[in-house]
Amino acid sequence: MTHAATVHSLWTTAAAAPDKIPSPDIEYGQLSPTLIVLGAAIVGVLIEAFLPRRQRYMAQLFVSVVALAAAFAAVIGLAAGDYGTSKARVAAMGAIAVDGPALFLQGTILLVALVAVFTFAERRLDPVVHGNRVDSFAAQAAAVPGGEAEKAAVKAGFTTTEVFPLVLFAVGGMLVFPSANDLLTLFVALEVFSLPLYILCALARRHRALSQEAAVKYFLLGAFSSAFLLFGIALLYGYAGTVAYSGIADVVDGQVRNVTPALAGTMGNDALLLIGGAMVLMGLLFKIGAVPFHMWTPDVYQGAPTPVTGFMAAATKVAAFGALLRLLYVVLPGLRWDWRPVMWGVAIVTMLGGAIVAVTQTDVKRLLAYSSIAHAGFILAGVIATTPDGISSVLFYLAAYSFVTLGAFAVVTLVRDAGGEATHLSKWAGLGRRSPLVAAVFAVFLLAFAGIPLTSGFAGKFAVFKAAADGGAGALVVIGVISSAVAAFFYIRVIVLMFFSEPRTDGPSVAVPSPLTSSAIAIGVAVTLVLGVAPQYFLDLASQAGVFVR
C-alpha cells in the first residue's frame, strides 16, 4: 500500500471509529544508531545550558565519544542480527530502510565522526593564550571578528564547546540520509545535517572573516540545492501520487495500484518524472560536489576550520553517495536509459575538471578540495555501473576515501606559522627535512589519493573501474585513468616539494599534537595501509552489504 493511500485509509478508519486512531509502529531497536546520536546531541545542548564553563569541554567530549561508539556498536549488532541481509526491512512506517547499504554507510559515518571528534577536541596546537589552551574554534561565535567582545572572550579563556552537539546533530542527519525510504524523510535528513555544517564552517578561531564568508557561501548555495530538491520532490509526488520510494518505482514500472482522484490528472505524466527526477538528482550532486555543482567546495574547504573541513569532506560524501545510490537503484531503475547518459557526462566533467583545476592550486586545502571533486567523479563511475558490483565498489571506495581524507586534513592542522595554519604550498617546501615523520605520513595519504598500489586508494579505484568496465562503461574507465594520471602529477609534485626542496628559513614549524590528533592520523594511516594491502575481506563485506531492500 502506498504512503498516501495509507494516510488516506488512516483518516477514513479514524472517522469511522473516533476512539480508535491506530498508533504508529516505531522499531526502536532498528533505529537505535540514529536515536543514540540524536539523544546525545540533545544531552550536549543541556550540558551547554547547565554545566559551568570549565567543565563543559570534558563533558561534551565524553558524551560525544561514548555516543558515537555506542551507535557504532548498535550498527554492528544490527548487522550481526542479519538486518543487512536476510532480515532487511523498511522501518518507521516506511520512512527508513534498514538494509545492507544503510548499515555499511552508517557504520562508516560513525567511525569517521568518532575520529573527527578527536581532531575537534585538539588543544595543543595553538600557543597558549592568556594561560588557556585553545582549540581551532572561535572563543565566542557571536562576537564580531576583531571586536572588543571577541578580545574579552579570548582573554577570559572562553571556548566554543557547542561544536560537539552540532557535530552530533549533523551525524544524526547523515545517518538518516542514506537510509531514507521516502522523499520527505530524505529532505528532512538533508536539512538536519546541513544546518549544523553551515554553523560549524563559520567558527574558525583564526581568519574569522574568511571562515564566515565560507559559511555564507555554503549556506546560500545549499539553500539553492535544497530548493531544487524540494521542487523535484513536489514534481515526483505529482507524478506518482506518493513520496515513498517503492510507490514511485511502481508507477515508473507501470504498476499503479490505487489512484487518488485528486492526482489522477497528473499521475504517470513523464515530463513530471523526468524534470522532478533531474531536480532531486541536482540536489544530491550538489552535496557530492560534482561539477557543475561544485563551486562551493574549494571556498568552503579553505575557509572552514580544518577539523570541520576534514569531517565534512569525509562524512558528507558518504551520506550523499548513499542517498544517490538508493535514489537511482531503488526509485529510478526503470529510468536507467534516461539517467545513465546524463551521469556519464557529469562523471566525465567531474573527473577531468577536478584533476585539471587542482594542478593550478597553491593552497593545500584548496588542492585537497579539487582532489575531492575528482574523487567524486571516480565514485560516480561505480554508480553508473548499475550492477551489484557497482554498489559494493562504491561502498568500499567511500570507506577507504573517507579515512584518507580525515588523515590528510588532520596533518594540515599540524603545519603552523605565526598566523596559524600554514596552508600555502610554498611554505611546505622542505618539510620532509624538518619533520620527516609528518611529511612521510602526508605522503602516504597523497599516494593513496593518487591510487598508487598497496594503498586503499588503489584498491578502491580498481574496484570502481572494474565495476564500470563490466557494466559496459569502458570509455568512462579510460577517461578515469587519464584523469587519475593528471591527478597523480600534482600529488607527486607536493611530495617532491616536501622532500627535495630546500626548507625556507622563515618556514612553518610542525606543532606537536596531543594523543587525540595523533590517534586520528594513526587510524587514517592504518586504514589506508590495511585496505591497500589486504582489501579482500572488506570488499567481501561491501558486496554482502550491497543489496537494497525494496
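Two strands pair if DSSP finds at least two bridges between them. Strands here are DSSP runs (E) of at least two residues, and helices are runs (H or I) of at least four, numbered from the N terminus. The model is predicted, and local features need pLDDT of at least 70, while side-chain atom pairs count only at pLDDT 80 or more. Residues are numbered from 1 along each chain.

Start with the sheet. Three strands form an open sheet in the order β4-β3-β5, with antiparallel pairing. β4 (420-421) and β5 (509-510) stand at the edges with a single partner strand each, so one side of each has no neighbour in the sheet. Strand β3 (residues 415-417) pairs with β4 over two bridges. There, Asp 417 stands opposite Gly 420 in β4.

Now turn to two helices. The axes of α7 (residues 183-201) and α8 (residues 208-240) come within 9 Å and cross at roughly 175 degrees. Axes are lines fitted to C-alpha atoms over the stretch in contact, with angles from 0 to 180 degrees between N-to-C directions. Angles over 145 degrees count as roughly antiparallel, so α7 is roughly antiparallel to α8.

Next come the aromatic rings. Rings of Phe, Tyr and Trp (its six-membered ring) pair if their centres lie within 6.5 Å; planes over 60 degrees apart count as edge-to-face. The whole structure has 18 aromatic pairs. One of them, Phe 120 with Phe 311, is edge-to-face, at 6.2 Å centre to centre and 85 degrees between the planes. Phe 120 lies in helix α4 (residues 100-120) and Phe 311 in helix α12 (residues 306-331), so the pair ties together parts 191 residues apart in sequence.

Note on methods. Side-chain values use heavy atoms; hydrogens and water are left out. Angles under 35 degrees count as roughly parallel, over 145 as roughly antiparallel, 65 to 115 as roughly perpendicular and the rest as oblique. Rings of Phe, Tyr and Trp (its six-membered ring) pair if their centres lie within 6.5 Å; planes under 30 degrees apart count as stacked, over 60 as edge-to-face and the rest as tilted.
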